[in-house]
Amino acid sequence: MRTALLQGSTEQFEIRKIICIGRNYADHAKEMNAEVPKAPVFFLKPPTAIIGNGGTIIIPPISDDLHHEVEMTFLLGKGGRNIAPADAMEYVAGYGIGLDMTLRDVQAEAKKKGLPWTLAKGFDTSAPLSSFVPAATVPDPHALNVMLAVNGTIRQQSSTRNFIFKIDTLISYISQFITLEPGDIFFTGTPEGVARAVSGDKLEATLSSSTGKTLAALSIQVR
Ligand code: MG
């Protein structure tokens, strides 16, 4: 899947970069024994990592510790450089839900050796991604609920109000260094509760409004 779908629209966005924010919830930084960052921490996944709703995550044989990280995502409808925080929200076309699947053992080894996270974070099927609810229909993207259930049991649940860095800050900060383009997707970081997922698990993620209305959903199998 290389095209982002905006709900209720025929407009299609070819997916370009996937920009993932690390440690954007204080409770997750704590569970990882990591410091709360002073500036956004980010890394990239290749667009080839994406699978859509109903897809299957394939665990690479190099890992024995696949972890789920449920995250709100957003899609850029236009690009730019040096975007001011006050203008940044105009660049967002829609909001969705995604899973930043992580080979925790491979990542831990990379951290220890000071090596990049690319393999741990960018392997094929590591970026399950829902369709996007149009930004114009979301009054406050910092008041949405993010939830992940594994085999019917809730594992991760939080609100985007708990972001350390808000959407305008993320767009503005990153656009100082990396040109943003329409079709770029952001993963906004995971709340606490990351844990192992094993072959046979069913992962169900939702983004919902403050009144509980489902805005975007994802159902994924692990093989
Ligand atoms: Mg993550």
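Author: Two strands pair if DSSP finds at least two bridges between them. Strands are DSSP runs (E, at least two residues), numbered from the N terminus. This is a predicted model: local features need pLDDT of at least 70, side-chain atom pairs count only at pLDDT 80 or more, and totals for chains, interfaces and linings use all residues. Residues are numbered from 1 along each chain as its sequence is written, and side-chain values use heavy atoms, with hydrogens and water left out.

Reader: OK. How many bridges join E13 to E17?

Author: Six, between residues 145-150 of E13 and residues 202-208 of E17, and the two strands run antiparallel. Met-147, for instance, has Thr-206 in E17 as its bridge partner.

Reader: What order do the strands of that open sheet come in?

Author: E6-E18-E17-E13-E14, five strands with mixed pairing. E6 (56-57) and E14 (153-159) are the edge strands, each pairing on one side only.

Reader: Switching to the metal. Which protein donors does the magnesium ion have?

Author: Glu-69 (OE), Glu-71 (OE) and Asp-100 (OD), at 2.0 to 2.1 Å. Donors here are N, O and S atoms within 2.8 Å of the metal (3.2 Å for Na, K and Ca); water is not among the atoms, so sites may look incomplete.

Reader: What spacing do they follow along the chain?

Author: E-x1-E-x28-D.

Reader: Is Glu-69 buried or exposed?

Author: Buried, at 4% relative accessible area. Buried means under 20%, exposed over 50%, partly exposed in between (1.4 Å probe, protein chains only). Glu-71 is buried too, at 1%.

Reader: And where is Gly-8?

Author: In the loop between E1 (3-5) and E2 (12-14). Gly-8 counts as exposed because its relative accessibility is 91%. Its C-alpha is 9.5 Å from that of Phe-132, 124 residues away in sequence.

Methods:
Helices (H or I, at least four residues) and strands (E, at least two) are DSSP runs, numbered from the N terminus.
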